[in-house]
Every structure is written in C-alpha cells, then in structure tokens.
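Colleague: I would like to go through this model with you one point at a time. Please end each reply on the item I ask for.

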Amino acid sequence: PRHDIDDEIIGSLSGFLADTGTCDIVCIDDRYLNRHGLITDKNVRNVPITCTLDLISYLEAQGLIDIANKRATLHRLREAGFALVPVDPDELEQLLRVTLFDQDNQLIESPELRAIRQLLMRIRSLDMIQCPLEAPYLTRLRLACILTIRRLWQDDNVPVDRTVTLTNWVWVNVVPSPIDWERTAHDSIPVREKYVRHLTPLFSPLGRLEPTRYKAFLQWIEHAVLEPLLPANDSVIDDLAKQLKIEIGQLVERLSDGNRQSSDR
C-alpha cells in the first residue's frame with residue numbers, strides 16, 4: 001500500500017464517506033486507512049475495506065491468475081513505489097536461482113531483485129515501519145530470507161561459490177536486521193535480545209550436508225554473521241550461544257519423546 005495520501009485519494013475517500021452507493025467493498029491502497037476493517041458513510045452504511053494486495057490474493061485463490069502473473073504484478077507494485085509488498089520465500093528463491101553472474105562470479109541483479117532491494121532501502125530510509133503494529137511484515141520477511149538461505153545451502157546442485165554470493169546478497173540487502181528498525185520501535189524489548197532472536201533461526205540444524213559444503217556454510221556464517229559483532233558486540237555472541245544451547249536441549253528432548261512414543265506402540 002502507498003505510504004502517502006495524495007489529493008486524489010482524499011477526494012475519493014471523501015466521496016465514499018459521503019455515500020458508498022452500491023459498492024460491496026472499497027479498495028483503498030493506503031496503509032493508514034486499510035488497516036481498518038470497514039468504512040462507514042453518512043448513511044451509516046458499513047462497507048468492508050480491501051486493498052490491491054488482498055485482491056491479488058483473492059484472484060490467485062480463485063484460480064483467475066497464476067503464480068507467474070501474481071509475481072509480475074507484485075513486481076510492478078514494487079517498481080511503482082508501493083510499500084510493504086510481501087516477499088515470500090518461493091518467489092525470492094526462484095529469482096535467485098535464475099539470476100546471472102558476471103565473469104568475477106558477482107551477482108547481476110535482475111529488475112525483480114533490484115526492485116526488492118530498493119523497496120527495502122526505501123522503507124528503511126524513511127522510517128516507514130510502525131512497530132510493533134507492522135512488525136509482522138518484518139518477521140515474515142526475515143523468515144522468508146532465512147528459509148531461502150537454508151534451501152540454497154541444502155541444494156548440492158548450486159555450486160558453493162555461487163551459494164555464498166547469493167546468500168551474501170540476501171543477508172546484506174533483504175534480511176531485516178532489528179538494528180535497522182530500532183529507531184521506530186515502540187516496545188520494551190532490548191535490541192540485544194531482538195538481535196539474538198534475529199540470528200537464532202540461521203543456526204538451526206540444516207540436515208545432512210556434504211562435508212565441503214557444510215564447511216563452506218560455517219565459514220560464511222563466521223565471516224558474514226559473527227565477525228562483524230566481535231569488535232564491539234561480542235556479548236551478543238555469548239547470548240546467542242546460550243540461546244542455541246537451550247534450543248538444542250529442547251530439540252533433543254522432543255526427539256527423545258518421539259522415540260519413546262514410537263517404542264511404546
């Protein structure tokens with residue numbers, strides 16, 4: 001949805017507030033307005049509010065557009081300056097898998113990847129996210145990025161050097177670090193705790209990887225994720241280690257319970 005409210009939107013909104021006529025729904029592409037479920041006109045007639053993203057999801061669910069058309073439409077919305085357009089893991093992974101590389105093995109951004117990167121740069125630079133109200137957008141984006149990174153490393157068909165390049169691009173340009181959004185956060189959670197939560201899913205077990213590939217993954221984590229913390233934030237690594245110890249213990253307990261239940265049958 002659009003970040004600003006221009007004269008055209010205000011004029012249309014005034015018309016709907018006066019009389020919604022025979023409208024069954026009202027589509028408003030403004031995040032300050034479409035967070036409300038209904039619009040009520042002067043005749044006290046309530047009409048549901050929707051937005052373009054809702055319509056796209058509806059058309060897809062009804063089989064009226066396919067996944068390719070949906071993603072092309074989302075790309076056009078990003079290019080047009082719409083904010084908070086979702087990025088799902090399947091879309092991000094597909095874009096990365098078909099991307100091209102130059103002779104130095106550097107990623108050549110497609111128009112779609114560039115639009116995603118610029119979208120995130122724009123909403124960061126404008127302090128656009130309202131936390132905690134719009135924090136779920138960041139959470140979904142973070143999980144989409146982590147899932148994409150994990151899928152790339154789990155695929156032996158993607159060469160290690162290109163996996164590193166793709167992973168770096170996602171980590172630097174798309175993954176929403178809590179530090180980037182702290183200025184607009186209105187909660188009592190320490191940023192240090194947020195950052196530990198931010199990193200923890202990245203360290204979840206990947207399953208069986210070929211030894212060389214697993215070694216390269218660990219090297220990427222050390223270089224891209226942990227080393228930047230060492231100069232002034234090594235305590236975050238300690239907190240991360242403690243959290244991972246807790247999660248590993250919980251995982252072992254769940255596996256043990258599962259094995260006991262299987263043996264009891």
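Colleague: In which helix does L152 lie?

Modeller: This is a predicted model, and the answers below are computed from it. The element that holds L152 is helix 6.

Colleague: Is L152 buried or exposed?

Modeller: A residue is counted as buried under 20% relative accessible area. L152 has 0% relative accessibility, so the class of L152 is buried.

Colleague: Which residues does L152 touch, not counting residues up to four places away in sequence, and how far is its C-alpha from that of T163?

Modeller: With those neighbours left out, L152 touches L96, V158, T163, L166 and R213. T163 is 11 residues from L152 along the chain, and the separation of the two C-alpha atoms is 6.3 Å.

Colleague: Which residues is T99 in contact with, leaving aside neighbours within four places in sequence?

Modeller: T99 sits in the loop between helix 4 and strand 4 (100-101). Its relative accessible area is 8%, so T99 is buried. Leaving aside those neighbours, the contacts of T99 are L107, I108, L113 and L166.

Colleague: How far is the backbone oxygen of I108 from a polar atom of the T99 side chain?

Modeller: I108 is one of the residues in contact with T99. From the backbone oxygen of I108 to a polar atom of the T99 side chain, the distance is 3.1 Å.

Colleague: What span does helix 3 reach from its first C-alpha to its last?

Modeller: Helix 3 covers residues 67-79, which is 13 residues. At 1.5 Å a residue the expected value is 18 Å, and the span in the model is close to that, at 18 Å.

Colleague: Within what arc do the buried residues of helix 3 fall?

Modeller: The buried residues of helix 3 are K70, R71, L74, H75, L77 and R78. Seen down the axis of helix 3, they line one face of the helix, because they fall within an arc of 160 degrees.

Colleague: What covers that buried side of helix 3, and which exposed residues are on the face turned away from it?

Modeller: The cover over the buried residues of helix 3 includes helix 2 (52-61), helix 4 (89-97) and helix 5 (111-125). The face turned away from the buried side carries the exposed residues R76 and E79.

Colleague: What is found at the start of helix 3, and which residue just after helix 3 takes a positive phi?

Modeller: At the start of helix 3, a side-chain oxygen of D66 comes to within 3.3 Å of the backbone nitrogen of A68. Just after helix 3, a positive phi of about 100 degrees is taken by G81.

Colleague: Where do the buried residues of helix 2 lie around its axis, and what covers them?

Modeller: T52, L53 and I56 are buried in helix 2. Seen down the axis of helix 2, its buried residues fall within an arc of 105 degrees, so they line one face. What covers them includes strand 1 (26-27) and helix 3.

Colleague: Which residues other than glycine have a positive phi, one near 60 degrees and one near 55 degrees, and is each buried or exposed?

Modeller: V44, with phi near 60 degrees, lies in the loop between strand 2 (38-40) and strand 3 (46-50). L84, with phi near 55 degrees, is in the loop between helix 3 and helix 4. The relative accessible area of V44 is 65%, so V44 is exposed. For L84 the relative accessible area is 11%, so L84 is buried.

Colleague: Which element gives the largest share of the lining of the largest pocket?

Modeller: The largest pocket has a volume of about 650 Å³. It is lined by 24 residues, and L53, L84, P86, Y137 and R140 lie nearest its centre. The elements that give two or more residues to the lining are helix 2, helix 3 and helix 6 (135-154). The largest share, five residues, comes from helix 6.

Colleague: What percentage of the chain do buried residues make up?

Modeller: The secondary structure of the chain comes to 11 helices and five strands. Its C-alpha trace spans about 65 × 50 × 50 Å along the principal axes. Of the 265 residues in the chain, the buried ones make up 39%.

Notes. Residues numbered from 1 in each chain as written. Predicted model: local features only at pLDDT ≥ 70, side-chain atom pairs only at ≥ 80, totals over all residues. Heavy atoms only, no water. Helix = DSSP H or I, 4+ residues; strand = E, 2+ residues; numbered from the N terminus. Expected span 1.5 Å × (residues − 1). Buried < 20%, exposed > 50% of the residue type's maximum accessible area, 1.4 Å probe, protein only. Arc of directions from axis to C-beta. Contact = heavy atoms within 4.5 Å. Polar contact = N/O pair within 3.5 Å; in protein donor to acceptor, adjacent residues only side chain to side chain. 1 Å grid on protein atoms, 1.4 Å probe; cavity = no way out; pocket = protein on both sides within 12 Å on 5 of 7 lines; lining within 4 Å. Points joined across faces, edges and corners; volume = space filled by probe spheres on them.
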